[in-house]
Amino acid sequence: MRVISLAYVIALGAGLGLVSARYAVADRPWFGRAQIGAWTSWPNSGARDIDPYMRAYLARGAHLPLGAGEGLELIAGEDDAGQALDARCRYRVTGMTPPARGWSLGATDLAGRPLQAAVERQSFTDAEIVRGERGGMRIVLATTPESGNWLPLPAGGRFQLRLRLYDTPISSHAGELRPEALPRIARIDCR
Amino acid sequence: MSAVDQTAMPPAAAPAAQTRTSPWLVRIGRSLLRFALLTLAGLLLAGIVHIVTVFRVPALAARDAATVYAALGMNGHAELVTPPPAGLPAILDADPNSVAAVCSYDLAGGPLRVVARTGSLPLGLTVHRRGGGVAYAITDRAAIRGVLEFVVMTQEQLDDRLAKDEEGETSRELRVVSPSLQGLVVARVAVRRAFDRSEAEAQATGVACGLAD
């Protein structure tokens, strides 16, 4: 009876502990993240005081995150209305970016890999976009060609937007950013 | 009233009823309590296993950037990883609008000196320790007369250097302590326009890294 009890405790402890640890470090952790509107960032991922879960996540692959002070990466998997980004829809990304020496905005799949679109353009940089009269950005994401700054999407499937700000003073306090300081993501229509 | 009821019951009936129900109830109660305590112990053990596993992942990692790129940059200059050399995995979540070159280091042989010349494109240098995590980051804004230079060392090597410094004299050397003996120095250059790529690659691979002494 004692052997069965001990086996039960060890099986439960080891099994649950290992499985929960595997799930906890399979993706970027929930805690330590800063949610600013539709955008999510992990400001400490490139800092010396990185939390153990983020460090374990980074250790599981060839990740080279931007260092604190070097830049900041923000990821959006949903639009401003909270709906998941879907390549069957068209989206308009407008607004301003926080002060930075340069930025890039690109679309990837949920694992961070480039999208397989018909036209080879994965992203825009601050030097490449055509700006409006007020200097703000206006990028349209769609499967079919659009006038202006067009970021092509594949025929279907979920995707993410990744905004990278280089040499930005906000990298250490991204959590204090207001949603208005970041580009807005609005769904135009869907097929 | 209860006293009256008890006295009204036949003398042998009460103990008989107790012996019929109580042992089962007691046995089930004890089993449930035992199961709950064992489950609690299992959950406690699960918490310990979870924490130990998460903390051990970086030490046991075999696919982190510092491990997979450990052979790069040994010739005294950073080597491109965008795209990576044949047979090596690509950087995960890499920005297509930046190029990265790496220098692997092992501080067992002594501190590492890193020297980068700035150009027209934004340059960032980061020290990534083995097992994931950035130990230090600096951009070309900190460059003096177009040169960015620092020395990576362990805490013991820093203590030795401080002991050897002339008393009252300020060292001009920028010293960076790496929490691990092995790691990577990453030079990342932002590619603002497609035609900037070759310049960005030349700037990233122009970063020199070699023994400091």
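Colleague: Which are the buried residues of α2(A)?
Modeller: A:Met54, A:Arg55, A:Ala56, A:Tyr57, A:Leu58 and A:Ala59. Keep in mind that this is a predicted model.
Colleague: How many residues does α2(A) have, and is the helix mostly covered or mostly open?
Modeller: α2(A) has eight residues, and with six of them buried the helix is mostly covered.
Colleague: Now the contact between the chains. How many residues come from chain A and how many from chain B?
Modeller: Chain A gives 48 residues and chain B gives 44 residues.
Colleague: Which elements of chain A give two or more residues to the side that touches chain B?
Modeller: On chain A they are α1 (2-24), α2 (52-59), β5 (102-108), β6 (123-125) and β9 (160-166). So α2, the helix you started with, is one of the elements on that side.
Colleague: Which one gives the most?
Modeller: α1(A), with 12 residues.
Colleague: And what is that side of chain A by class?
Modeller: The side of chain A that touches chain B has 23 nonpolar residues, 17 polar and eight charged.
Colleague: Changing topic. What does the domain assignment of chain A give?
Modeller: Domain 1 covers 1-30 and domain 2 covers 32-190. Their C-alpha centres lie 36 Å apart.
Colleague: How many residues does each domain of chain A put into the contact between them?
Modeller: Six residues come from domain 1 of chain A and nine residues from domain 2 of chain A. On the domain 1 side, four are nonpolar, two are charged and no polar residue takes part.
Colleague: On to chain B. How many helices and strands are there?
Modeller: Chain B has five helices and nine strands. Along the sequence the pattern runs α-α-α-β-β-β-β-β-β-α-β-β-α-β.
Colleague: What share of chain B is buried?
Modeller: Buried residues are 38% of the 213 residues in chain B. As for contacts in chain B between residues at least 6 apart in sequence, 73% join residues at least 24 apart.
Colleague: Which residues have the most contacts inside the largest nonpolar core?
Modeller: B:Ala100, B:Val102, B:Val152, B:Val185 and B:Ala187, in a core of 90 residues. In soluble globular proteins, nonpolar side chains tend to be buried together.
Colleague: Take B:Ala100. What is that residue in contact with, leaving aside neighbours within four places in sequence?
Modeller: In chain B the partners are B:Val81, B:Thr82, B:Ile91, B:Val186, B:Ala187, B:Arg188 and B:Ala204, and from chain A there is A:Leu64. One of those partners, B:Ala187, is also among the core residues with the most contacts.

Terms used. Residues numbered from 1 in each chain as written. Chains lettered and ligands numbered in written order. Predicted model: local features only at pLDDT ≥ 70, side-chain atom pairs only at ≥ 80, totals over all residues. Contact = placed C-beta atoms within 7 Å. Helix = DSSP H or I, 4+ residues; strand = E, 2+ residues; numbered from the N terminus. Nonpolar A, V, L, I, M, F, W, Y, C, P; charged D, E, K, R; others polar. Domains from an automatic or database assignment. Buried ≥ 20, exposed ≤ 12 C-beta atoms within 10 Å, placed from the backbone. Core = buried A, V, L, I, M, F, W, Y, C linked by C-beta atoms within 7 Å.
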